Amino acid sequence: MREGTFFRIPEGPDDVEALRREARPIDTSNCPEWLDVGDAGSYLCLDEDNNRRATGTEPRLPPDETASNEALRQIFEEEASALEARGLMVSRPAEDRIECLLYVPSQPAYPEWSIGIYSGPSLTRLRPAPETDNPVLTRYDVTDHVSAMVADPFILPSPEGWQMFFETLNWLENRGEIGVATSRNGYRWTYQGVVLAEPFHLSYPHAFEVDGSYYMVPESKQDTTVRLYRAYEYPNDWRLESVLLEDVALVDATPFRFDGSWWLFAGADGEGRNDELHLYFSDRLEQNWVEHPRSPVIRGDAHHARPAGRMAVEREKLIRFAQNCDPEYGLDIHAFEIVELTRGEFVERSLPVAPILARGSAAWNNCGVHHIDSLLGRGRDLRMCVDGRGSSPPEHYR
């Protein structure tokens, strides 16, 4: 927490939580002008006494000290802008005084997502891996920026073990970036840094290998595109190779090669519904993508539409994973066998166990799970990376 002249300036989500614990409900008879009375419960208030105790600053300004007032008002505006960039609100200065009233959202802005390792004899019998302490990666492991959460892990093998690509939400920039962690044994992971960032939000870094080259299709809905990146120096140097789709609002694009063609599933989360699944195909990964005539292949079903990880093969079956977003985002994961996939037809059926992965009982995943990817697969016990949404900050997980 940075001490300012008028306010304490939070420098991470834990600082915001500390302010929230000190705040009190808003008096609806004296609601700030920017907040409707009916929405007063969405914010809590820290009053001037609270801020004076923190800073030792007396905020009342004598009206005749015009010059110093102007200087102090400039400081006030700088601090207010910093707070508002972090999702907090302040009262604007009156003519003869500056009020140090700080308003904190009553609920955290970001959910607590972390990453863990599961294992089991099949997709329908996965459990937290006993060989490790879950979660294996949290926002506290990110060292090159303040991270609000880590999620959406995709794993690729390397000569030294494994590389894990995942979203890390840059708290100060309020947008997702793509980080990488490494592991020799698949159970203990070391954060290496951000490998891909854009001026817009990135998440769901679907990384894959084709004929010795490494590619990534991260979610870039904020840019209204689906973009293909290529690693020029794996795993750290990713550059835009091509734009696969333009003027689309799609999430969690999941490309794969099957029966001589390239295919791509992507969700549509219009107005937060997450109830449509679109399907595209192409002869080439880099270009000429066409929407399937049956697309959207799922419509009006938030239980099964949004993708939840790369396509998998189990016992010669092509499996699609979906996250359940009803009644809220990212509750659990369902799996579907693709029965028929041609350029004219699409048929799938649910695996008999539903969901295949539900929220757990630990503090790091007791509110939901929404992503899965395989470390080890066919011919031996499965080992999967998953993410989980917890009910408390990572400092309470162990």
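Predicted model: local features only at pLDDT ≥ 70, side-chain atom pairs only at ≥ 80, totals over all residues.

1. Y214 and Y234 form a stacked pair, with 3.8 Å from centre to centre and 15 degrees between the planes. Because Y214 lies in strand β14 (residues 213-219), while Y234 lies in the loop between β15 (225-233) and β16 (237-246), the pair ties together parts that are 20 residues apart in sequence.

2. A further pair is made by F256 and F265, whose ring centres are 5.7 Å apart and whose planes meet at 20 degrees, so this pair too is stacked, the limit for stacking being an angle under 30 degrees. F256 is buried, with a relative accessible area of 7%, and F265 also counts as buried, at 1% relative accessibility.

3. Which residues form one aromatic cluster with Y214 and Y234? The other members are F165 and W238, so that the cluster consists of F165, Y214, Y234 and W238.

4. The charged end of R320 sits over the ring of F265, at 5.8 Å from its centre, a distance to be read against the cut-off of 6 Å. R239, for its part, lies over the face of Y232, 4.6 Å from the ring centre.

5. Turning to strand pairing, four strands make up an open sheet in the order β9-β10-β11-β12, and their pairing is antiparallel. At the edges stand β9 (147-158) and β12 (190-196), each of which has a single partner strand, so that one side of each is left without a neighbour in the sheet. From one strand to the next, the twist averages 30 degrees.

6. Within this sheet, strand β10 (residues 161-170) pairs with strand β11 (residues 175-183) in the antiparallel sense, over nine bridges. F165 stands opposite V180 in β11, and F165 is also one of the residues of the aromatic cluster described above.

Definitions and conventions: Residues numbered from 1 in each chain as written. Heavy atoms only, no water. Phe/Tyr/Trp six-rings, centres within 6.5 Å; stacked < 30°, edge-to-face > 60°. Helix = DSSP H or I, 4+ residues; strand = E, 2+ residues; numbered from the N terminus. Buried < 20%, exposed > 50% of the residue type's maximum accessible area, 1.4 Å probe, protein only. Lys NZ or Arg CZ within 6 Å of the ring centre and 35° of its normal. Pairing = 2+ DSSP bridges. Axes fitted to C-alpha atoms, helices over the stretch in contact; angles between N-to-C directions.
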